[in-house]
Amino acid sequence: MSYKILKPELKGRAKGVLFDLDGVILDTEKLYNRFWREALAKLGYNMSFEEALGLRSLNRAGTTKYLNELFNADINYDVVHELRVDLMEAYINENGVDLKPGVVELLDYLNSNNIPCAITTSSPLPRVKKYLALHNIENRFNYLCSAHDVKHGKPAPDIYLYGAECLGLDPKDCIAVEDSKTGMEAAFRAGTMSIIVPDLDEPDSETLGFTFARAFGLIDIIALIEELNN
């Protein structure tokens, strides 16, 4: 089986889909990891690949707290963030960014079955639109939702509650597709059927505790939706 349901008590009909962006739709998590580390190195802080994984889906406050605790220092978020953005934007402007495998096929399936979907991301909307437009899929989603438009970022449930509201659905009738522990906690706390599609690392036991189902790729979610809806 290409997916595994871990919490069958949460099974319901999949009336809508909420997608994280980075590491789920776009193959950008490896770039965030690289350029957070490069930006910090330029400021004299050496971060490992594994340590950089802890930054996934964190908002400004969460990132600041994480970095200050990691380095036992008072790091200026604005300085390191601006440097990271500049480095990553320069790379993407020159090299582009890849879609994760199965994105187009899954969006085609949702469209043909009249299942609405939304992006629910920690990234700001201008960047979301820019990156999606590189692949002409910015209009394939019913809504583009950013955590910048809600009170609390991930791991708080706000962005997933907002995404479900935009689709006009109860969160329990939505599947939420994530790749990180922070995102999975947010999706689980919102009451969605949270699905993890691992990207840069395998989910640990805590992450699996937030997990309705584990899929091994986006294309596998089609079969999962078929099970839920038939």
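This is a predicted model: local features need pLDDT of at least 70, side-chain atom pairs count only at pLDDT 80 or more; totals for chains, interfaces and linings use all residues.
Strands here are DSSP runs of E of at least two residues, helices runs of H or I of at least four, numbered from the N terminus; two strands pair if DSSP finds at least two bridges between them.

I noted that residues are numbered from 1 along each chain as its sequence is written. Local features need pLDDT of at least 70 and side-chain atom pairs pLDDT 80 or more, while totals for chains, interfaces and linings use all residues; side-chain values use heavy atoms, without hydrogens and water.

I checked S6 (residues 193-196) against S7 (residues 213-215): they pair in the parallel sense over two bridges. Isoleucine 196 stands opposite arginine 214 in S7.

I then went to H1 (residues 29-42). Its buried residues (under 20% relative accessible area, 1.4 Å probe, protein chains only) include Leu31, Phe35 and Trp36. The buried residues of H1 pack against helices H2 (49-53), H3 (60-71), H4 (77-95) and H6 (125-133). Just after H1, glycine 44 takes a positive phi of about 95°.

Last, I looked up aspartate 173, in the loop between H7 (158-167) and S5 (174-178). Aspartate 173 counts as buried because its relative accessibility is 12%. Leaving aside neighbours within four places in sequence, aspartate 173 is in contact (heavy atoms within 4.5 Å) with Arg13, Ala14, Lys15, Gly16 and Met193.

How values were computed:
Buried means under 20% relative accessible area, exposed over 50%, partly exposed in between (1.4 Å probe, protein chains only).
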